[in-house]
Amino acid sequence: MLNLVIFGPPGAGKGTQAAKIIEKYNLVHLSTGDILRIEKAKGTPLGMEAKEYADKGILVPDDLVIRIIANKLDENKNAVGFIFDGFPRTIAQAEALDKMLIERNIPIKAMLALEVDDDKLQKRILLRGKESGRADDANPEIVRKRIDEYNLKTSPLKKYYTEKGKAHSVYGIGEIDEIFKELCGVIEQCN
Ligand code: ADP
């Protein structure tokens, strides 16, 4: 089973590359950001709870996103593999994910880290905000907060996966297709 984590700061291109990877390798895409936005749009209790945090650019509580992922794993029992996008985002989430996957006997093959410089991220996100209308992308202060949250709580996961021999870095600036080719190279080496 091909289980991948796509990792990187907000605006690194995780969603863009994940879409290409799922098409090529037939994986199920689990993006906690997308799932939370859908729940918010539907106005579910889960969506309303997450909104309180996401609209301010801070991470939603671990137990909430862990529950979402556990449900999705059980809903997709016949999947060829999963790509986790925007999850895990804290050490507690990474430990919970490992536990869930070990229980199901489907461990992570590789963590693909997209590397993009901080100054590029701000510009990319503000542009995406204009194009998509995403509220948390439009406000420079909220964008800054998300990048700070990433640096503080999420970037330590690089070490977590490096220690397990699963982290692979790919430079995330340049042509989308070139970056995709590099990612495919890494995936095929691990598979
Ligand atoms: P980006 O990577 O561009 O910041 P996402 O779409 O992945 O955007 O996430 C949007 C928001 O949803 C985050 O700022 C955060 O509040 C919340 N979120 C998404 N995934 C998680 C997660 N795994 N843990 C905690 N909060 C999350």
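Buried means under 20% relative accessible area, exposed means over 50%, and partly exposed falls in between (1.4 Å probe, protein chains only). Keep those cut-offs at hand for the stops below.

The model is predicted, so local features need pLDDT of at least 70 and side-chain atom pairs count only at pLDDT 80 or more, while totals for chains, interfaces and linings use all residues. Residues are numbered from 1 along each chain as its sequence is written, and side-chain values use heavy atoms, with hydrogens and water left out.

**Stop 1: the ligand shell**

Select the ligand and the residues around it. The shell counts 19 residues, and the closest are Thr-32, Arg-37, Ile-58, Gln-93 and Arg-128. Colour the shell by class: eight residues are nonpolar, four polar and seven charged. Here Ala, Val, Leu, Ile, Met, Phe, Trp, Tyr, Cys and Pro count as nonpolar, Asp, Glu, Lys and Arg as charged, and the others, Gly among them, as polar.

Now show helix α2, residues 32–42. This helix gives the most to the shell, with four residues. Helices (H or I, at least four residues) and strands (E, at least two) are DSSP runs, numbered from the N terminus.

**Stop 2: polar atoms at the ligand**

Show the side chain of Thr-32. One of its N or O atoms is 2.8 Å from a nitrogen atom of the ligand. Go on to Arg-134, where a polar side-chain atom lies 3.2 Å from a ligand oxygen. Arg-146 also places a polar side-chain atom by a ligand oxygen, at 3.0 Å. The protein covers 96% of the 550 Å² of accessible area that the ligand has on its own. Such areas come from the Shrake-Rupley method with a 1.4 Å probe.

**Stop 3**

A salt bridge is a side-chain nitrogen of Lys or Arg within 4 Å of a carboxyl oxygen of Asp or Glu.

Next, select Arg-128 and Asp-137. They form a salt bridge, with the closest N and O atoms 2.7 Å apart. Arg-128 is partly exposed, at 29% relative accessible area. Asp-137 is buried, at 0%.

**Stop 4: another salt bridge**

The structure holds 20 salt bridges. One of them joins Asp-74 and Arg-104, at 3.1 Å from N to O. Asp-74 belongs to helix α4 (residues 62–75), and Arg-104 to the loop between α5 (91–103) and β4, 30 residues apart. Asp-74 counts as partly exposed because its relative accessibility is 35%. Arg-104 is partly exposed too, at 28%.

**Stop 5: strand β1**

Finish on β1, residues 4–7. Leu-4 and Ile-6 point one way, Val-5 and Phe-7 the other, and all are buried. Two strands pair if DSSP finds at least two bridges between them. Three bridges join β1 to β3 (residues 82–85), and the two run parallel. Four join β1 to β4 (residues 110–115), again parallel. Centre on Leu-4: it stands opposite Ile-83 in β3 and opposite Ala-110 in β4.

Note on methods
A residue is near a molecule or strand if one of its heavy atoms lies within 4 Å of it. A polar contact is a pair of N or O atoms within 3.5 Å; within protein, one must be able to donate a hydrogen and the other to accept it, and residues adjacent in sequence count only if both atoms are side-chain atoms.
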